[in-house]
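This report goes through one protein model, from its charged pairs to its core. Keep the sequence and the structure in view while reading.

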Amino acid sequence: MKLTVQDNSLQVAKNFERQVREQPQIVKTALGRTAEFLMGIIKQRTSQGISADGNAFPPYSTKPYFFNITPRSATPTYKTFQGGYKEYRTFMGRQSNKVDLNFSGNMLSNITQKSSPTEAIIYFASKFENTKALGNQRKRKFFAIGQREQQPIMNVFMKEYNKLSKI
């Protein structure tokens, strides 16, 4: 996911390009802080079971499923769960009433960002966690910017940019 600053106004775009040339470190820092803000939104929204479009995530699957119940063991042990992934979560001691995409906490804690004077990129640092996130994203749109989140994100960028440029 990329976070870039865009506006339909030609004048605003020209001003931004000038600021990038004249104060690249300030723009980079403001974009980085804005990306951190967005990461917080994604994590908070996801922990509440809400997708980027503001809807509740679809419930965990209850279709029968075959799972390894000893994932860290040298010798895997498999079990069929007639109640699907929802039953598996309960069996493994995890809550199963609200979909929050959190089993171990590794995926969401792996979200990170990097910024430059022209963009901030939010991504999963681990290839394994990125693959897991892609699978989740296909079923539940969590790693995106929602319509209602766009203005607050722009506001954070402007606040951070203005604060930094006054220093």
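Which residue forms a salt bridge with R89? The partner is D100, with the closest N and O atoms 3.8 Å apart. A salt bridge here is a side-chain nitrogen of Lys or Arg within 4 Å of a carboxyl oxygen of Asp or Glu.

## Basis of the report

The model is predicted, so local features need pLDDT of at least 70 and side-chain atom pairs count only at pLDDT 80 or more, while totals for chains, interfaces and linings use all residues. Residues are numbered from 1 along each chain as its sequence is written, and side-chain values use heavy atoms, leaving out hydrogens and water.

## Salt bridges

The count comes to 5 salt bridges. In the pair described above, D100 lies in the loop between α3 and α4 and R89 in helix α3, so parts 11 residues apart in sequence are tied together. Helices (H or I, at least four residues) and strands (E, at least two) are DSSP runs, numbered from the N terminus. D100 is buried, with a relative accessible area of 12%, and R89 is buried at 1%. Buried means under 20% relative accessible area, exposed over 50%, and partly exposed in between (1.4 Å probe, protein chains only).

R33, E160 and K163 are linked in a network of salt bridges. E160 meets R33 at 3.0 Å, N to O. Because E160 lies in helix α6 and R33 in helix α2, this pair ties together parts 127 residues apart in sequence. E160 also pairs with K163, the closest N and O atoms being 3.5 Å apart; these two are 3 residues apart in helix α6, about one helical turn. E160 is buried at 11% relative accessibility, whereas R33 is partly exposed at 38% and K163 partly exposed at 44%.

Helix α2 has 24 residues and reaches 34 Å from its first C-alpha to its last, close to the 34 Å expected at 1.5 Å a residue. The expected span is 1.5 Å times one less than the number of residues.

The largest nonpolar core has 27 residues, among them M107, I111 and F124. Such a core is a set of buried Ala, Val, Leu, Ile, Met, Phe, Trp, Tyr and Cys residues joined through side-chain atoms within 4.5 Å. The largest share of this core, 9 residues, comes from α2.

## A residue with positive phi

L101 is found in the loop between α3 and α4. Its phi is near 55°, a positive value in a residue other than glycine. L101 counts as buried at 11% relative accessibility.
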